[in-house]
Structure formats: structure tokens, C-alpha cells
Amino acid sequence: MGHVSSKSDSSSGDSADGGSKPSRMRRLGRRLHLHSHHFRRRSRAHTTGSHSHTTKILKEEDFAGIALIRIISAEMKFKDKWLVCISLGEQTFRTHVSDQTDKPTWNSEKKLLLERHGAHIARISVFETNRLSKNNLIGYCEIDLLEFLSQDSSSDTEVFDLLDPSSSSTVGRISISCCIEDPVDTEKSFVRRILSIVDYNEDGELSLAEFSDLIAAFGNKLAAERKEELFKQADRNGDGVVCLDELATLLAIQHEKEPLINCCPVCGQVLEVSDGLNSMIHMTLCFDEGTGHQVMTGGFLTEKEASSGWMFKLSEWAHFSTYDIGLRSGSSASHILVYDRRKKRLVEEIIDRKIVLSMRAIYQSKFGLGLMDNGAKEILRSLSEKQGKKMDSAESAKEIPNFIEFFKGQINMDEVKYPLEQFKTFNEFFIRELKPGARPIAFIERDDIAVCAADCRLMVFNSVADSIRFWIKGRKFSIQGLLGNEACSSAFVNGALVIFRLAPQDYHRFHFPVSGTIEKFIEIPGCLYTVNPIAVNSKYCNVFTENKRVVSIISTEYFGKVAFVAIGATMVGSINFSRKEGDYVKKGDEFGYFSFGGSTVICVFEKDSIKIDEDLLENSARSLETLVSVGMQLGLSVKKQD
């Protein structure tokens, strides 16, 4: 830091003899380095497809404030080395690893953007780190950050119970501080943060030299050429320095004419939208205000990625695995990322690595599909039949606890209708029923609103052309091929396509998305390929049009005819229906279930009959599946009534 007055410009210039006094730009560089060291990891997130605050364009009415969360300490039930991850929306951050203790302390903090209609429930997860490659999730809590906006409390520090992810038991307690800087406070403090970057002697005023450094850091060449003119314009009282209020006025006026800030002076990123609000939000999130607390490491997409040990990071570096959202993660990586619609965050679907490798070998190569053509299809059918019989045996019930443990945190036993001991076979558990009311139906009295048909990973498209562009890579996929000649009509050919993919851990009963009358069922024989995105994204096979499936046509008042296609898959040899032709059904009613495995339901709507919800379309356009539950809103009827 300099110790000269801001009014003295000459003393802060470059030393001619290269002496010990640093130049202004060197001091600026060091100062920015202190602010920006923790952004390197976040920059990686931008290159791999993460949509964080720096790339999102926010409207003024959607800006709810900036949350500053500090993870202070915890009390655990045993000693270990601990780390904490915090996830909000499509961003995850992690603390440093604590010492070996049952009372870890971190004092790590992070600023998070809050949107009025966006993600606002932060998940705090505590991991033990006694393994090289896989850290164990011990407990978690969830905090609704928007609630802090309305709280009237003398203290911003609270203690939360940490819940075991596989039960409701408490495994510890964590102390968290959270304060919310609302839009007005953010605007007031924004200029103070800007001024602090180049106010080398911290007197709250900028000399011409300091002001010039600031303009240079903004990355605006035209403004840099006019720096003296801008300085005089800002220096309203003519005292030779620019104070806080004068800088605020200048920035406000210039943003109305031509924004000064093209580049973030903290992290160096070019601002794609140079408007006052988004520039202010970006730079506010970039600032570490010198509290002395460790800033969390960022740039992660999920807490699993953030918590992984060095062996996983080595494999990631060696390209055995890549964290990304969209098509690449579904077709080539050792995991699948999906967007949880209810919690508004990315989550990771658990798949056994051995299964992933085998699926990639089969479905992502001509050689693998060649094996299918030479008899492997019959092997899959035989395997599914044998596995089905095995899962119906009394001995298979022993696998239920292991299954629940493998999908720890993804199967909520509190929702299941019957206690665990009542299931005498694995398949009885697999096709488990839920308690009444566990899946509320959106706008149940309105038949002009369609709902989700399953607990699943959802993809939606306004046309087959969109589905091929963003998701289905099979050869010559078509609605005619999916529905068959008997069920297909010209109205379906260019209609909307909705794909409900059920994973093994999901509730495996499917429900009606619309109200109407079942006209007919049509069985179409076929293969039993997996319906995992690794196969769906393969250009060498047509999973949906080659697999065994049953097409039902539902006649409705508001959507015309709706084709409901239940598709079998590997380990799913049987599709079971609980309704028959001629039945009148209400949306949300149970339609049937799949036996052991994962499978898919596809709904085809007539052209121009449904307006699918925008958030579902936006995710699908990114080749990102959305995690939804039975009964969530799918879309609104736009079909003209007769």
C-alpha cells in the first residue's frame, strides 16, 4: 500500500531506476491477485458448461440480493478430517479440510446470488475425508436463503442439525452464519468496492493516477482514451480527487449513456452484458472484502465432484471421466448430471462404473452393435427373463437393504406405503406403492393442464427435429417408427415429444399425464436395449424404436389424442397395466408399473396441442435431463376447442 496522499500523482509513478518502490500497475496487479486467486477454479466451470452468475443475464425484477454464507464449525459424533460442500443451483463450493477432530472449524465463506424465482435452497453437506478416492457423506442440512430476507434477528448465526442422508436421524450439528445484502444495499456498497481496488492509501478518494488505473482495469479502450475528461467530469467540486459519491454519480450517468465497465477488474473476465445491474452483480460476487476468512473453492458442478479425493481428480485429469452437463455427460462420462426441478440444483445419478464401461463398449461403437446383431439381443432377452425370475424369489429380498444403501439419499422410505419387512421379494419392493398424497397432482381439477407421468429424468421437445438435434442420436428415429403404423396418425408426426426415463432407484409406477378415455393398446415386440442416455445418445442403434413397447392411445378433451408409449429395457421384460381399454381416467391416476430395472415412458402429443413449460424446454435444449416427480406440471393445452 502507498502512504502518499491521493492528491499527489507523481510519487506513485514508475521508478526510473527500477528501485524498490513498486509501480502503480504492479501494486494494482498484486491487489487484484489477492481478490482473484479463488476464481481460477470457477473459470474452469465456464469452460466445461457450467452456467454460473457470470454468464447469466438477470433482469432487475428477478434480483433478490447477495447472500454471504460462512461455514463456521460443527460438532460431530466421532473424530475425523472433515470438509463441507455448499450447493446452490448449478454451483457447488467446498471448504478446506479440517484437522482430525470431532469439533471441526472452517470459518470459510462464500457469496451467492439470489434470484426471486430461481434457486434459493442451499444444501450444506459434511464429508469425512479418511479415504483417498471417495469421501463419505455423513450429514446434511438445507437452508432457504430467501427466508433470511424477512428475518428480524439480532444474530445472523444459527445452528442446524445434520441429518443422515439415508434416514431422519441426527449425526451432528453445524454452525452457519448467513446475512443477506438486498438489492439496495448491494447498490450502495458497489461503488465502495470498486473504489477500494485502486485506492492504494485507503483514504476513500482517487487521484488522477488511481482513477486512470481503475479505467484501465475496466477494459474499455474508448474510456481509457478519455480518462482525463472523465476525471474532470467526475470531480464535481474541483478539489483534484474523486470521492465515493462522485464516482457513484459518474458510473450511474455513464451507464445511462455508454457503460464504462467492459471487463471485471477483479477476475479479468469480459462482461458479456455490460449493463449496470449485471456488472454490479458480477463484481460484487467477485470481491473478497478482506474479512480474513478463507474463501471457499468453487467451480464444481456437484457435491460429489467437489468432495472427491486425489485419485478421482487424477482420473479426471487423465480424461477417464469428465464433469459436464448435457449430452457429453450422458454419452461418454462415468456419471449423469440431471437438474432437480424441485430443489433447483444439479444432482448426480449413481451408476456402477463397470456397467458404464460395458454400455459404452456396446452402444458407442459399431463393433459393439455388431455383436448385438450377431446374437447378443437374444442374450439380453434371456438375461432379462432370468433376472426377472431371480427378483421374484424369496431369496432376492436380501438384496433390498443393499439396494437402498447403494442409492443412499435417493430413496425416501418415509413415502413408501408399506414397511420394509412386508416386502417378501425384491420385485415387490421395486414396484412399491407410495402413501396417499405423497405425489400431489398439480391443478388436479383442471384437465387443460398436463402433468408428469413418472418419477423420472425428463426430456421434452416441441418436435422430432428438436429431439434429434438435442438428444436422440439413433439412426432414422421417427414418430412412425416409435408408434407403429396402427397407432400413428399425421397429427402425431410433427407433435411434441416427452421422454420420461426411470432409473432403478425411482418409484416405478407410471401415471396418466392427462384425463381422457383409453381407446386401445397396441403391443410391439422388440429388443431390450438399455434406455440409459449412453444408448439413447448412440448413433448406432434406435433404442426407442427397436425396443419392446406397448402403445396406448388416450382420447382427451383438451389435448386431442395422446400416445402413451411404455418401453421395456434391459432387465425389464414385463410391462404391467392396471387399466383397460374403454376406461375413463383422470390425470395422476396410476396406469401401470415396470418390473426390475430402469425403463422409459414416451408421450407424443398432437401438433399444436400443448405448450410445454419453459424451464423444461430450456433444460432439454442444453441436453440436460430434468428430475421431476409424478404430478408436477408439464404443460398447458393450446388446442382450440370444438
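A salt bridge is taken here as a side-chain nitrogen of Lys or Arg within 4 Å of a carboxyl oxygen of Asp or Glu. By this criterion, the structure, a predicted model, holds 22 salt bridges. Three of these pairs are described below.

Arg-173 is paired with Asp-161, with 3.7 Å between the closest N and O atoms.

A salt bridge between Glu-433 and Lys-417 has its closest N and O atoms 3.8 Å apart. Here the partners lie in loops: Glu-433 in the one between helix 16 (426-430) and strand 15 (449-451), and Lys-417 in the one between helix 15 (399-406) and helix 16, so that parts 16 residues apart in sequence are tied together. Glu-433 is partly exposed, its relative accessible area being 28%, and Lys-417 is partly exposed at 36% relative accessibility.

Asp-583 forms a salt bridge with Lys-580, in which the closest N and O atoms are 3.3 Å apart. Asp-583 has a relative accessible area of 15% and is therefore buried, the cut-off being under 20%. Lys-580, in contrast, is exposed, with a relative accessible area of 55%. The pair is part of a network in which salt bridges with shared partners join Arg-579, Lys-580, Asp-583 and Asp-589.

Methods: Residues numbered from 1 in each chain as written. Predicted model: local features only at pLDDT ≥ 70, side-chain atom pairs only at ≥ 80, totals over all residues. Heavy atoms only, no water. Helix = DSSP H or I, 4+ residues; strand = E, 2+ residues; numbered from the N terminus. Buried < 20%, exposed > 50% of the residue type's maximum accessible area, 1.4 Å probe, protein only.
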